[in-house]
Structure formats: structure tokens, C-alpha cells
Amino acid sequence: MGTELARAVINGVLGGGIYALMAVGLTLIFGVLDIINIAQGVMVILGAYLSYVLSVHLHLDLFLGLLITVPAMFVIGVIIQVAFIRPLHGSERTSMSLLASYAVAIIIEGVLYLVFGPNYVTLNASYVTKSVALLGFHLPYIDLYGFGLAVVLVAALYLLLYRTRFGRSVRATMQDRTAAMLVGVDVNRVAALTYGIGVAVTAAGGMIFGASGGGFNPNSGYDLISRLLALIILAGLGSIGGALVASVFMLTVESIVDIWQPSWSIVVFYAALVIVLLVRPAGIFGRQAARAQ
Amino acid sequence: MSPATARSAAKAGQSAVPLLPPAGVRPANVTRAGVFVLLLAVSIVFPLAVTNQSANSIAFQTLIFVCAAAAWNIFSGFSGYIALGHAVFFGSGAYAAGIAAKDWQITGSAEFALLPFAAAVAALIAVPFGLIALRVRRHTFVVITIAIFFIFQLMAFNLTSLTNGTIGLNAPFLLWNPVTFDQRFYYIALALALATIALSWLIKGSRFGLQLRAIRDDEDRAASLGVRAMPVKLTAFVISGAITGLAGALWFFFIGQVLPQSGFDPLFDLTVALMAFLGGLGTVSGPLLGALIIEPAQQYMTTAFNNSYLSQILLGALFLAVVLFVPRGLIPTIAEKGSGWLERRRSGRPAAADVPAAADVPAAEGTAP
């Protein structure tokens, strides 16, 4: 029992790192653009398929392939923002942009179905199947590498946001879009780049998700996005630190519940979400302003 | 009804010649009533004229979506709270009817007695759902509805003793003549669709409807003016959920089977919203028009291409096109263009009798809520 629990905690923390990476992208996009990117889930799957293509057809190493897929997803993100999100104006902008990103999601899903079909695939590499004995547990290398990559990328995002001029303009836009514009921040450029960055991290998240999970198909995006949405709302929309904490915590709880009730463990996410929102409508780390119309 | 009549009386009172037709009966209203009567006539004659089975099946499913989109609009369109979890009610209605038929051993056409039961179950689910979700606004509300939707889909998969899990439930077998099978379902759905549209028209003109639209425009201001926001929102949510549940049960009887992924379908959430957006969010005829365009098109494409993925891509593309190019929906855009054209034509005419009427139309429109 004790070792099972310890294993569950370790799995939860390792998995939480990956979710943290994807959730930070999502909450960053919300903070700057004031939209929820419903397409984030299917973009993770798109990233996983890009890695799949590179590793199967070009025999590129999965981690090396990220040098191609991350910039590719960044470009896709910027194009989507400029083409479909930026033109939206008016009082219904909030719901419109949400629906636009939902539409993008079902288009990508449909295209993935057409190209790859509904069969589940997995990403393969030598370190996916091998595991290392650590503290008495057998841990797959991919989980460790993936966690390491997530930590590095989250740290890089942190440095970008808090140590660069661009990061300062991003944070200024998150705080007050109009004020940022008045002091000379090119808000449109910041929005496009942020959307690109938020989508680019899904390439890394998707690769690790595809290699360490039990396979994926175009439909897997729904499960992912519903978890990611629960995480960022739970943390409080726009809170980056909150997204990190919530991801690691919730994945750990899920993997502990998984010991007893595997088919219900995902309900933990939604149940926690509902309970937290009954007590704190703005989320745990959220500002009350997130609630205002 | 009375506020609506009071308002049209007030409108008439503003004109210089109060009781002359141009003030009370606007040409747009006449056109609208004419189009509606024409549509009604066509929809009544349709299954008698067209005996093609697949056409009748598509027509039935279109009417189901007319109900669902109009019901969605009663809550989301009028209140401005975009709910993306109405499949919860659709699936719950279907499953409630299926479980009740199985447990109470209801067979044959007695199953239709379960329709009010399905609506009641959906309404009962809508109460706690609404109490949780309606505490938050905007993005958070949307996400909560999506989260609750996924909880229900998981329950349909996992509560196997109740729902049969992935195998799903079968509807009682109907010993109807296969030739008239689709026709009968069509007329039941038509009655339900008409009732839903009539209800949304009544609600829109009522005090309750005005309260909902006040909430949409500015909830805090509406509350400070004495609108009890939560009960109003919740009532609309429950009405909307009950109708959707009824439509779900009827759809289940027609299809004969419900599975977790067909009853609780994420695309359903999106499709009803798209229909309302395409036609015009918060209008009575908008969801009707949207459903009449989208559902037949989608059914046709799925059979024509023999590929549901392609029609899914086209649905997404259509959605993007609506959001980008007709964000207010077809009905308001057309109405605006139409009335602008009418106005120009009227003011261009030199007849003296028309001058007060022409000056009148924009004034009446400006004050109409």
C-alpha cells in the first residue's frame, strides 16, 4: 500500500509537469487575449502527430524533432490568431472568439482524422520502453526526460516573461490592455506572439503525451482540453503560478484515486472544479476581477 | 402577452396619426408573418409530397434540431450566457426514457407517455447544474458547462448498471407500418418545434424575457434595478433544459438506440450554438433558420461524401465564416439591410401622405427594445 501510494505520487508529479507546461500556455493566452483557446487540446494532439510523422518517416529522434515541431506550431498559432481571432470585434467578442477557437479545434480534428484515421498510435524510441530503477521504483526514461523538458521549458517561459522587454509588454497587456497600448506597447503584435508561444509549447507537451501515454488518436484532444480547462479555472484564469501548482496537485490526486477507482479517477478533476467554484468563484489563485462581466 | 401589447400601443402612441396602419403594422412584420405562414404550410405538406425515406428522416432530425436550437436560444440567446453543455439535457432525456422503458417494461407506442418524464428529468438536472454554473460568468461559465458535460458523458460510460455502458440502450420496438413510420415522427417533432418557437416568442415579448435581456446587456445594472438575476437565469435554464430533454427522448425513440457518445455528443453542444449564431442570437426566427440550413446540409454532406470527417471540417469552416463575416447572424443583418432599403425607397417617394410615416419608422425602431 505504502509503495503503491509513493508510486502514485511520483507518477502524479511527473505527469503534472507535462500538464503544467500545456496549462501555462493556455492561461497565458487567456491572460493576454481574454479568450479561452478550446483548440489547445487538439493542438497538443497535432503536435504529437507531427512528432509521429518526423520519427516514423524521417527517423528523427523525438527530442531532436522538437526543434522542428515547436517552431512549426508557433507559426501555426500566429497564423490562426491573425486570421481568425484578431478580426473579431464588438460586444460579443468574448463568446465569438471562444466559438472561433472551438471551430478551429473541430477543423483540425477532422483533418487529423482524414490524414491519420481513427486508429490509436504511439510514439516510439529506445527510451520510451526502457526504464531506470530509482529509489526502488522502475521509472520509464521518457517520463523523467519529459518532466525534465517541462521544467526547462516552464523556466524558459518564466525568464521570457519576467526578465525580458517582451515579457514586460506581455505582462502589461495582461494587466491592462488599453494602458499598455497608451504607453506604446504594440498590443496586436504581443497578442499574436503570445498565441504563438502558447500553442508552441503544445508541440513539446504533445510529444511527451504521445510517448508516455497509452497512445492517442484525433479524438484524444477532448479529454485533454477538458482537463486543461478544469486546471486553469481551478487555479484562477490568468494565474501562471497557480496553473503550475494546480497541475501537479491535481495529477497527483488523480493518480492516487486511480489506485482504487481507475474508471472514475478523471471525475476528480471536475468534482474538484465544481467544489472550488462553489466556494471561490474566481478560482484558488484568481483575482476577483476575473468574475466581472 | 400584456407587456407586448402595451409596448405596441406605446409605439402607436408615438406616431402623429396613432391608429393608421403604417405605425402599428410595419411592413417587416407583414413579411415575417407571411414567411412564417408559408414555412408552416410547406412543413405540413412536406411528408405528404415527399415520400423519399431518407428525406423524411433528415426532415425529422432537422425538426429535432429546430427544437434544440430554439431551446438553447431561450436561455443562451436571451441571457447572453453561452452554454456549451446542452447535450447534458439531450442525452439525459434520451437515457431517462430508455432507462424508464427498460425498468417499467414499457413497450410499443406507450413509450410516448415517457416524453414528459424525460423533460422532467432534464429539468431536475438543470436545477443543480444551473445553481453551480450560473454563479460565474463569461469564460468560466462556458468552461463549467463543458466540464459538467464531460462528467455526464463519463457517467453514461461508467454507470453500467443504469446505462449499459458502451453498449447503450435500445428504445422499445414500435410495430408501426414502416411506410408511415417517419411521417408520424415528423408530425410529433413538428408539433414540438412549433410549441418551442411559440414559447420563445412569448418569452421574448414578456416581462420575463425583458429581464433576461437586461441581464444580457448588463447584469449588475439589471440587478440594481430590481431584477432578481439568479431566479430569472435559472428559470430560463430549466425551461431550456426541459425542452432539450424532451427533444432528446423523441430523437432516441426515432433512432432506436442511444450510446454515451451519441447521446452526450460534444458536437451537439457546438451545433445548437452555431445554429443560433448563424440565424441570429437572441432572435426568435434565428435558431429556426440556422437549424433549417445547417442540419439538412450536414446530413446531406455526410451521405453524399460518405465521410463524416469531411462534413465535420465543413461545419467548422462554416462556423468560422459566420463568426468572421456575419457575427450578428443572418436575420438581424438581413433585417437591417431590408429596412434600410425600404426606408430609402419610401423617402424617395414624393407622396405627401407618406412623409409622416417615413419619419415614423426609424423613431419606432429606435425605441423598440
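1. Ground rules. Residue numbers start from 1 along each chain as its sequence is written, and chains are lettered from A, with ligands numbered from 1, in the order in which they are written. Since this is a predicted model, local features need pLDDT of at least 70 and side-chain atom pairs count only at pLDDT 80 or more, while totals for chains, interfaces and linings use all residues.

2. Chain B overall. Chain B has 18 helices and two strands; these are DSSP runs numbered from the N terminus, with helices being H or I of at least four residues and strands being E of at least two. Of its 369 residues, 45% count as buried. Buried here is 20 or more other C-beta atoms within 10 Å of the residue's own, exposed is 12 or fewer, and partly exposed is in between, with C-beta atoms placed from the backbone. Take the chain B contacts between residues at least 6 apart in sequence: 77% of them join residues at least 24 apart. A contact is a pair of residues whose C-beta atoms, placed from the backbone, lie within 7 Å.

3. The core. The largest nonpolar core runs to 200 residues, and Leu231(A), Ile232(A), Cys67(B) and Ala147(B) have the most contacts inside it. Helix α4 of chain B (residues 53-79) gives the most to this core, with 16 residues. A nonpolar core is a set of buried Ala, Val, Leu, Ile, Met, Phe, Trp, Tyr and Cys residues joined through C-beta atoms within 7 Å. What does Cys67(B) touch, leaving aside its neighbours within four places in sequence? The list is Leu192(B), Ala193(B), Thr196(B), Ile243(B) and Ala247(B).

4. Helix α10 of chain B. This helix covers residues 207-217, and its buried residues are Gly209(B), Gln211(B), Leu212(B), Ala214(B) and Ile215(B). They pack against α4, α9 (178-205), α11 (219-224) and α12 (229-255) of chain B.

5. α5 against α12 in chain B. The axes of α5(B) (residues 87-103) and α12(B) come within 7 Å and cross at roughly 55 degrees. Axes are lines fitted to C-alpha atoms, for helices over the stretch in contact, and angles run from 0 to 180 degrees between N-to-C directions. That angle makes α5(B) oblique to α12(B); under 35 degrees would be roughly parallel, over 145 roughly antiparallel, 65 to 115 roughly perpendicular, and the rest is oblique. By class, the contact has 10 nonpolar, eight polar and no charged residues. For these classes, Ala, Val, Leu, Ile, Met, Phe, Trp, Tyr, Cys and Pro are nonpolar, Asp, Glu, Lys and Arg are charged, and the others, Gly among them, are polar.

6. Two helix pairs in chain A. α1(A) (residues 2-33) and α10(A) (residues 220-235) pack at about 65 degrees with axes 9 Å apart, and are therefore roughly perpendicular. The α1(A) side of the contact includes Tyr19(A), Met22(A) and Phe30(A), and the α10(A) side is Leu228(A), Leu231(A) and Ile232(A). That contact has eight nonpolar, one polar and no charged residues. α3(A) and α9(A) (residues 187-212) pack at about 140 degrees, with axes 7 Å apart, and are therefore oblique. Their contact has 19 nonpolar, six polar and no charged residues.

7. Where the chains meet. The contact takes 34 residues from chain B and 38 from chain A. On the chain B side, the elements giving two or more residues are α7 (138-158), α11, α14 (266-279) and α16 (308-325). Of these, α7(B) gives the most, with 12 residues. The chain B side divides into 24 nonpolar, five polar and five charged residues.

8. Some single residues. Is His59(A) buried or exposed? His59(A) counts as exposed, because it has 8 C-beta neighbours inside 10 Å. It lies in the loop between α2 (40-57) and α3 (62-85) of chain A, and its phi is near 55 degrees, a positive value in a residue other than glycine. Most residues other than glycine have a negative phi. Asp34(A), in the loop between α1 and α2 of chain A, is partly exposed with 18 other C-beta atoms within 10 Å. Thr160(B) sits in helix α8 (residues 160-163) of chain B and counts as exposed, with 12 C-beta neighbours inside 10 Å.

Technical notes:
Two residues are in contact if their C-beta atoms, placed from the backbone, lie within 7 Å.
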